[in-house]
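Colleague: I am new to this structure and would like to learn how to read it. Could you walk me through some features, one at a time?

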Amino acid sequence: MNPKILIIGACGQIGTELTQKLRKLYGTENVIASDIRKLNTDVVNSGPFEVVNALDFNQIEHLVEVHKITDVYLMAALLSATAEKNPAFAWDLNMNSLFHVLNLAKAKKIQKIFWPSSIAVFGPTTPKENTPQYTVMEPSTVYGISKQAGERWCEYYHNIYGVDVRSIRYPGLISWSTPPGGGTTDYAVDIFYKAIADKKYECFLSSETKMPMMYMDDAIDATIKIMQAPEDQIKIHSSYNLAAMSFTPTEIAAEIKKHIPEFEITYNPDFRQKIADSWPASIDDSSAREDWNWNHKFDLESMTKDMIEHLS
């Protein structure tokens, strides 16, 4: 029996590629993409698509009932840098959309939820290197605060109501198929676009700012893998640490120069520097590797090669 899947926020950075991969796996008709507006994109045109406001419980409930949905992937969110500009809306969107889906599962209208968390749940007091699964969390951004609160609610709904909710803390995600979406780690996407188009890039972070990153292919694989894992393998119901590589702007620039020798990078840190400084430099994700056999495929070298091939 194939699951019947609803993706909320399917037109975003992760949603776009997740939708396509899930459609290949489970059949186009079994994966309903949805977003706040209908754009002329592959996600919209390649299969069932519904316009939905993630803040409207009745709309979501209606879609769940009409399409007989079993699994919901809630990808709608306001990301770190964008959320700082509109804190009240970010809190509203990031929290209430989650409550709507958790309450549908509590009412037994859906069976399983995927909800993404982020390394933004960590803060300046968190150990920076090899950040453990369980550690001090004092997030200093609106996005991080909403994700940390969301983790607590996911665990609560699992413990009290038996809701099957699964989550991973994404590091910075790098993809060639969708442009940057307002995150602090998005410099590592933008740098490739600018390297190919202009042969130069002005980075909004300082040269030695090291952050955990992951190629989108790995992030999609992890998302699907945690959802396919037998329920008894999921030991953590807040959110799993997830890691692949960590690098600085200097290191990614050096890797790009191997393919585009004339590429130049300059540095002009802005308000996002403070956000980046509050986050880990590297992540310990041994729990995910032990519990549901997570393993990444891409490192900095192989990712850079793949990004430049696709974008060129």
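**Reading contacts, burial and helix packing**

Modeller: Gladly! Let us start with a pair of side chains: Arg-169 and Asn-241 are joined by a polar contact of 2.8 Å. Please keep in mind that this is a predicted model.

Colleague: Thanks. Where is Arg-169 placed, and is Arg-169 buried or exposed?

Modeller: Arg-169 sits in strand 8, which covers residues 168-170. For burial, look at the relative accessible area; a value under 20% counts as buried. Arg-169 has 3%, so this residue is buried.

Colleague: Let us turn to helices. At what angle do helix 5 and helix 6 pack?

Modeller: Helix 5 (residues 87-106) packs on helix 6 at about 15 degrees, and the axes are 10 Å apart. The two helices are therefore roughly parallel to each other. Their crossing is right-handed. Residues making the contact include Trp-91, Leu-98 and Phe-99 of helix 5, and Ala-149, Trp-153 and Tyr-157 of helix 6. By class, this contact of helix 5 with helix 6 has 15 nonpolar, four polar and one charged residues.

Colleague: Which residues make the contact between helix 7 and helix 9?

Modeller: Let me set the geometry out before the residues. Helix 7 and helix 9 (residues 249-257) pack at about 30 degrees, their axes 11 Å apart. That angle makes helix 7 roughly parallel to helix 9. The crossing of helix 7 and helix 9 is right-handed. On helix 7 the contact is made by Tyr-187, Ala-188, Ile-191, Phe-192 and Ala-195, and on helix 9 by Pro-249, Ile-252 and Ile-256. Sorted by class, the contact of helix 7 with helix 9 has eight nonpolar residues, no polar and no charged.

Colleague: What is the angle between helix 7 and helix 12?

Modeller: Helix 7 (residues 187-198) and helix 12 (residues 300-311) pack at about 55 degrees, with axes 10 Å apart. An angle like this makes helix 7 oblique to helix 12. Helix 7 passes helix 12 in a right-handed crossing. Helix 7 brings Phe-192, Tyr-193 and Ile-196 to the contact, while helix 12 brings Met-303, Thr-304, Met-307, Ile-308 and Leu-311. Seven of the residues in this contact of helix 7 with helix 12 are nonpolar, one is polar and none is charged. Notice Phe-192, which is listed in the contact with helix 9 and in the contact with helix 12.

Notes: Residues numbered from 1 in each chain as written. Predicted model: local features only at pLDDT ≥ 70, side-chain atom pairs only at ≥ 80, totals over all residues. Heavy atoms only, no water. Axes fitted to C-alpha atoms, helices over the stretch in contact; angles between N-to-C directions. Helix = DSSP H or I, 4+ residues; strand = E, 2+ residues; numbered from the N terminus. Parallel < 35°, antiparallel > 145°, perpendicular 65-115°, else oblique. Left-handed = near helix turned anticlockwise from the far one by under 90°. Contact = heavy atoms within 4.5 Å. Nonpolar A, V, L, I, M, F, W, Y, C, P; charged D, E, K, R; others polar. Buried < 20%, exposed > 50% of the residue type's maximum accessible area, 1.4 Å probe, protein only. Polar contact = N/O pair within 3.5 Å; in protein donor to acceptor, adjacent residues only side chain to side chain.
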